[in-house]
Amino acid sequence: MKIFTSAQIRELDRYTTEHERTTSLDLMERSARAITHVITTTWNAQTPIVVFAGPGNNGGDALAVARLLSEQNYQVSVYLFNVHNKLSEDCAANKRRLQEGKRVKAFVEVTVNFDPPQLTSGTLVVDGLFGSGLNKPLSGGFASLVKYVNQSMAYVVSIDMPSGLMAEDNTYNIRTNIIKADLTLTLQQKKLAMLLADNQSYLGEVRVLDIRLSQDYIQKADTQYRIVEEDDVRRIIRRRDEFAHKGSMGHALIVAGSYGMAGASVLTTKACLRSGVGKATIHLPRRNYDILQTTVPEAIVQIDREEYIFSEAVPTEDFDAMAIGPGLGKHETTAIAMIAQLRRATCPTVVDADALNILANHRAWMQQLPREIIMTPHPAELDRLTGTSSNGCYERLSKARELAEHINGYVILKGRYSALCMPDGHVLFNPTGNAGMATAGSGDVLTGIITGLLARGYSQANACLLGMYLHGLAGDLAVKDLGTESLIASDIIRYLPRAFRKLED
């Protein structure tokens, strides 16, 4: 699913009217009917409804919804805010339709003073003040209205976007002046702001309503951002040849686990093996030897000369992929060995955890990284690499994109809707995964999965795409059986076979 900017959304509307013999007013009616359907199938006609409509097309949608609800005998009170005495053409048309229908309980056009209605816990508020076209923070009377609604006990349904929330960049928005919706009914496609963690408290539940905008435009338009779909993943899965043997299924090298952090290397190695690789070799300090031989008997163990830390780079010519970093520690000897390992890498490489933290402490080393390297930072690790993002998630995402372009590699910014930032500037958001996966070791599992897929022969882009989707899908399948509170990282590995089977079936 493509994520359009607010400018592209306007262009999509215009393209639809020009190429599909329809009018903007007809599109508004489509939107209103879809929104009304959700409301009438969720709330009965005894529910008191208050509609707040702004002067633009979002307000036009809200007025059309009010008219359609009143025609079905809902008790609707409407407040149209026209403080500058200027309505959009379609908003004005829907105002006329509403007044001609004479079915709403009350209609107030606010031009100067506003006497707010009482909003009780049984009231449904339809927020149609401002939509995806907003490009500056709300202020004045609109800001006061937003605060009034947010302080009430009413249930709030926002049309397209919660009023006050901008479709992309909310870095300099005034957060107290944004509607906190319980349900957001967004039109045609999700907006970028809906995928960022610091906006979730304003959105509530998000439902995407198909209003049949031009599929021709949607397919042709180039977008910087996209949400991965299951069909995207199914198309790239490689089928195992009937005559395959372990030597033809790839050999992965994993450099992980200082003394006391052997668990990270266990999780990474197990996940790698569960991802279809033929062989996995784990390089680790001598003190971790017994643990790995016991917990992952399928792995080949390669022992470092040091007892407690990783201290020496090893050849990679015999390997098809490498992962480095989980549980590695940040000892200076380890740091020197780590950059030496990366410099001599001859196979696709995944860098995670302590390897990222070492790079953050030696930023000059970033110039020595191999091309098309894969980094998998969580937000704090990215901040260490690129500087703290004090202005929120949009700034952090922008930095992740810039980092991917700078290193000519791939950066997966982990979290809900993990973002795969490509070297060409495009970003793919992963829709799978859940809050139960916010647990120690979950990132090590992702590293192992991607490394296994690389060794199997997937390209860097496809290994990242499939890896993060499988990782989240396995977590989703696990949560169905185990719930979110009790999920641990090894559960994700246990459910990987089911995730593969779901995609293959």
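A residue counts as buried if its relative accessible area is under 20%, as exposed if over 50%, and as partly exposed in between (1.4 Å probe, protein chains only). The figures show a predicted model, in which local features need pLDDT of at least 70, side-chain atom pairs count only at pLDDT 80 or more, and totals for chains, interfaces and linings use all residues. Residues are numbered from 1 along each chain as its sequence is written, and side-chain values use heavy atoms, leaving out hydrogens and water.

View A. A disulfide is a pair of cysteine sulfur atoms within 2.5 Å, and the structure holds 0 of them. Cys 421 is buried, at 0% relative accessible area. Its closest cysteine sulfur, in Cys 464, is 10 Å away, which is too far for a bond. Cys 91 is also buried, with 0% relative accessibility.

**View B. The aromatic pair of Tyr 79 and Phe 114.** Rings of Phe, Tyr and Trp (its six-membered ring) pair if their centres lie within 6.5 Å; planes under 30 degrees apart are stacked, over 60 edge-to-face, and the rest tilted. This rule gives 12 aromatic pairs. One of them, Tyr 79 with Phe 114, is edge-to-face, with 5.7 Å between centres and 80 degrees between planes. Tyr 79 is buried at 12% relative accessibility, while Phe 114 is partly exposed at 27%.

**View C. A cluster of rings.** Ring pairs join Phe 52, Tyr 79, Phe 81, Phe 114, Phe 130 and Phe 142 into a cluster.

**View D. Arginine over tyrosine.** A charge sits over a ring if NZ of Lys or CZ of Arg is within 6 Å of the ring centre and within 35 degrees of the ring normal. The charged end of Arg 416 lies over the ring of Tyr 417, 4.4 Å from its centre.
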